[in-house]
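Please look through the structure below before reading on. The paragraphs after it go from strands to helices and then to aromatic rings.

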Amino acid sequence: MFSQSEYVFTEDSKIQEGVPQGKITKHTFESSIFKNTSRAYQVYIPAQYDASKPAAFMIFQDGHAYANKNGEFKIPIVFDNLIHQGKMPVTIGLFINPGHDKSIGDIDSPWRSSNRSVEYDSMNDDYGRFLIEEMIPELKKTYNISDDPKMRAIGGLSSGGICAFSAAWFHPEVFHKVLSHFGSFADIRGGHNYPPMIRKADKKDIKVFLQDGKNDLDNQFGNWWLANLQMEKALKFKDYNYMFVSGDGGHDGKQGGTILPETLEWLWSDVVKNEKVTSGVYKYEADKLLINGETTHFQKMEFSSISINPNDSIHNFNYDIKEQIFIVKEGEIEVTIGEETKTIGPNSVAFVLPKDRIHIKNSSENSALVYHMLYSAKEKLDLKRGKDNAGSFIIDFDELEFNEHDRGGIRNYFHTKTATVGYYEMHVTNLNAGIKSHEPHTHHAAEIVLMIKGNTQMEIGEKIYKGQTGDIYFLASDVPHAIENIGNEQCMYFAFQWD
């Protein structure tokens, strides 16, 4: 039902009510470094920009493609949303087109600019100098742009992708972050030499995001897909801070555009520090973000409640970098992951690896309620590890065996490794009235205890927290804790942990 090439925009790529919108202005510039050329460019200024504070800065080659709110990337909309959410810093965007020889005359498309290949594909620092000596000073006449290289990023697609890498490669003291969408690391003007150069040169202080599809170009200049694989292997060999996301698409922005919010969140994650999720109880509310922040193992974790109306579907939970898990609270839903489809009810679970697609439909007469946990790793993703173990899966509560014991009983859901963590375990416990599950203990794994029914209290450190049906306890790593059933009947709860 779903193929890897079906890329769906998430809400972060859509205009959101209540989110301040930045302003875009249009300009032209004539270069002295690239003589007799003129180029159009646009500048995005976020609504949160404060001239008294240095702003982060991001440059996009082939700027016309990235600045288009109706295009494949929708950068201004994504910037608005992520800046508003605090997932990236207040960032000025420069969307710049390649230069065109003024003596040639007008062209019908910026893609046909006469100087594009010279500027973008050349293996030298000319374009980097153009930005450093001409464009950035031009913008700094008007805007307060940070000089910290970690507050600067540069990106592009195709030849613009290799251009972005060249700017950072030759000038890591100016550009720290690189974003390449299906970059042309082929032998157009020697770009195929980058992988051996990376392997042989001293490691540079740059952070790199690469994206490409298996059906990218294959022509006289080389195979773009293989060229990007060589780049990925070289960056891995030298232990760069990088991310490579692959798909089965071609020389287009379908995948890169839909994963752009995740991409930018990862790229700026060393600048934007998320608040730590604190141990305690988080009260249930429908259609709310209940837990949000950093944990010992996760760069970012979001735990939400979602309502699905009868016969409605949700299918925009498609992530290439983040892992996710769904837990049914009420109602019945039809879940499809890959070629597997199941109808599952309360206390059932769907786990989704990065890059796998999920579709959820409410198959009951009333609204269905689900919990959704979405998270990104601090360490590099190991998608092979996730696939070699359980992969993505659906677990029907009604099919699980109940093992009774003297304190109540247990249903074991999974004990596996994923793309994000090397240890992931989940079970549901039934606990008899008036007793503790165990005395206070600690473990390095972080844990969530999700109340299915009953009234409990949790001893966490030196504090006592009370939780009832629907509430979530979060237990940070190495924090002493113990749960007690304080009701008159058997209680029931999920417990799942990761390390």
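Strand E26 and strand E31 (residues 491-498) pair in the antiparallel sense over 7 bridges; strands count as paired if DSSP finds at least two bridges between them. Helices (H or I, at least four residues) and strands (E, at least two) are DSSP runs, numbered from the N terminus. The model is predicted, so local features need pLDDT of at least 70 and side-chain atom pairs count only at pLDDT 80 or more, while totals for chains, interfaces and linings use all residues. Residues are numbered from 1 along each chain as its sequence is written, and side-chain values use heavy atoms, with hydrogens and water left out.

Of the 8 residues of E26 (residues 446-453), 7 are buried, so the strand is largely enclosed by the rest of the structure. Buried means under 20% relative accessible area, exposed over 50%, and partly exposed in between (1.4 Å probe, protein chains only).

Helix H2 (residues 75-85) is likewise largely enclosed by the rest of the structure, because 9 of its 11 residues are buried. Among them are Ile75, Pro76, Phe79 and Asp80. The buried residues of H2 pack against strands E1 (23-31), E2 (37-45), E3 (56-61) and E4 (91-96), and against helices H1 (63-67) and H9 (260-267); contact here means heavy atoms within 4.5 Å. After H2 comes glycine 86, with a positive phi near 75°.

Helix H7 (residues 224-237) has 14 residues and reaches 20 Å from its first C-alpha to its last, close to the 20 Å expected at 1.5 Å a residue. That expected span is 1.5 Å times one less than the number of residues. The buried residues of H7 include Trp224, Trp225, Met231 and Glu232. Among the elements that cover the buried residues of H7 are helix H5 (159-170), helix H6 (194-200) and strand E8 (207-213). At the N-terminal end, asparagine 223 caps H7, with a side-chain oxygen 3.1 Å from the backbone nitrogen of tryptophan 225. Just after H7, aspartate 239 takes a positive phi of about 60°.

The aromatic rings come next. Rings of Phe, Tyr and Trp (its six-membered ring) pair if their centres lie within 6.5 Å; planes under 30 degrees apart count as stacked, over 60 as edge-to-face and the rest as tilted. By this rule there are 30 aromatic pairs. In one of them, the rings of phenylalanine 34 and tyrosine 127 have centres 6.4 Å apart and planes at 35°, so the pair is tilted. This pair links distant parts of the chain, 93 residues apart: phenylalanine 34 is in the loop between E1 and E2, and tyrosine 127 is in helix H4 (residues 126-140). Phenylalanine 34 is buried, at a relative accessible area of 8%, and tyrosine 127 is buried at 4%.

The rings of phenylalanine 60 and phenylalanine 95 have centres 5.3 Å apart and planes at 10°, so the pair is stacked. Phenylalanine 60 lies in strand E3 and phenylalanine 95 in strand E4, 35 residues apart. Both residues are buried. Elsewhere, ring pairs link a cluster that includes Phe298, Tyr375, Phe496 and Trp498.

Notes: Polar contact = N/O pair within 3.5 Å; in protein donor to acceptor, adjacent residues only side chain to side chain.
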